[in-house]
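Reader: Please give me a close look at one part of this model, starting from a single side chain and then moving on to the elements of the fold. I'd like the cut-offs along the way.

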Amino acid sequence: MQSHPHTFSCSTSHLTKHYLNNGAPLKTLASLRKPLSGTGVIIRRFPSGLKQINRRGAINSATEPQNSSNSAEKTRKVVEHICLLKAKVDLSDKDEKDMLDFLYTCQYQMRGILAISLGRISNQNLENYTHAVFMRFQKREDLVKFYENPFYLGVLKDHVTSFCHELTYVDYESQVEDDILPIFRKGEEFNFGVEFILLIAFKDSSLMEAANDALTSFEKLLMEFPSLIVQSTRGLNFNHGSKDYTHAVVIRFRSSDAFDIFMGSSEYRDIWTSFTNIRIT
């Protein structure tokens with residue numbers, strides 16, 4: 001089995017009015033009628049064999065600023081797949097390792113998987129998710145084949161559903177720079193840093209236009225920080241079997257320092273403060 005040098009840190013919020021929650025890596029907002037909720041997952045990438053669980057542990061940084069994929073004119077469409085799992089409390093270390101190893105090996109058993117990250121969520125969250133999986137596919141057809149693939153279905157039956165009592169899926173289309181390294185998430189930029197997965201739920205369809213405007217503003221903001229961000233994607237969840245979340249954002253930060261700087265910036269706070277002005281009529 002292949003090693004998977006990823007651990008996850010997850011934080012969830014269902015705030016009513018106030019924004020400030022300085023200790024949480026995820027800050028989402030909702031009005032008094034709660035039109036919005038969210039889940040944030042942080043993936044920290046380290047050299048093979050090194051795992052990091054404590055969020056305030058060692059910092060890996062890329063000191064040389066490079067061009068973010070967001071600034072490229074020529075792009076390629078990709079399909080992003082996210083799965084959050086709730087493992088049973090009696091999951092043994094061996095069963096956990098087997099579960100993650102078999103899921104990781106899926107990329108070698110079928111075509112269409114361009115990249116994969118997976119691991120244990122290291123901190124508590126309101127939904128009690130324990131593990132997370134992120135995959136990138138070339139196109140929707142590849143994702144459909146993945147869901148139906150006998151090897152994957154066997155992994156779920158023998159190594160996942162026996163040890164988990166809930167799985168949540170989010171799938172969305174996005175675009176990345178049309179170059180082999182950003183498409184496959186390879187190269188020096190993807191060997192270190194922090195990956196942040198933000199799942200958002202807009203509870204009322206009347207908010208979709210405002211939601212898209214806010215996410216567009218968020219994307220423009222990300223383009224202003226090429227020294228902090230390697231790559232970002234966002235999109236509308238098209239998984240009909242999962243209505244828990246309507247949108248998803250995945251951001252690869254260059255380092256833990258870059259992640260903290262961005263999350264603590266006034267520009268980031270101002271983007272999400274706009275949600276306090278959204279009301280359900």
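Author: Arginine 185 counts as buried because its relative accessibility is 7% (buried is under 20% relative accessible area, exposed over 50% and partly exposed in between, with a 1.4 Å probe and protein chains only). This is a predicted model, in which local features need pLDDT of at least 70 and side-chain atom pairs count only at pLDDT 80 or more, while totals for chains, interfaces and linings use all residues. Residues are numbered from 1 along each chain as its sequence is written, and side-chain values use heavy atoms, leaving out hydrogens and water.

Arginine 185 is found in the loop that runs between α4 (180–184) and β7 (193–202); helices (H or I, at least four residues) and strands (E, at least two) are DSSP runs, numbered from the N terminus. Setting aside neighbours within four places in sequence, the contacts of arginine 185 include Phe134, Arg136, Glu195 and Arg252, where contact means heavy atoms within 4.5 Å.

Now to the sheet. Four strands make an open, antiparallel sheet in the order β4-β5-β3-β6 (two strands pair if DSSP finds at least two bridges between them). Its edge strands are β4 (113–120) and β6 (164–177), each pairing on one side only. On average, neighbouring strands of this sheet are turned by 15 degrees against each other, direction ignored; axes are lines fitted to C-alpha atoms, for helices over the stretch in contact, and angles run from 0 to 180 degrees between N-to-C directions. Strand β3 (residues 75–87) runs antiparallel to β6, and 13 bridges join the two.

Lysine 86 stands opposite glutamate 166 in β6. Lysine 86 also lies over the face of tyrosine 129, 5.1 Å from the ring centre (a charge sits over a ring if NZ of Lys or CZ of Arg is within 6 Å of the ring centre and within 35 degrees of the ring normal).

Helix α1 (residues 93–105) lies across β3, β4, β5 (131–137) and β6, at about 170 degrees to β4, and α3 (residues 150–160) lies across β3 and β6, at about 145 degrees to β6. In α2 (residues 140–148), Asp142, Leu143 and Phe146 are buried. These three cover an arc of only 100 degrees around the axis and so fall on the same side of α2, the arc being that of the directions from the helix axis to the C-beta atoms. The buried residues of α2 pack against β3, β4, β5, α3 and β6, whereas Lys145 and Glu148, on the other side, are exposed.
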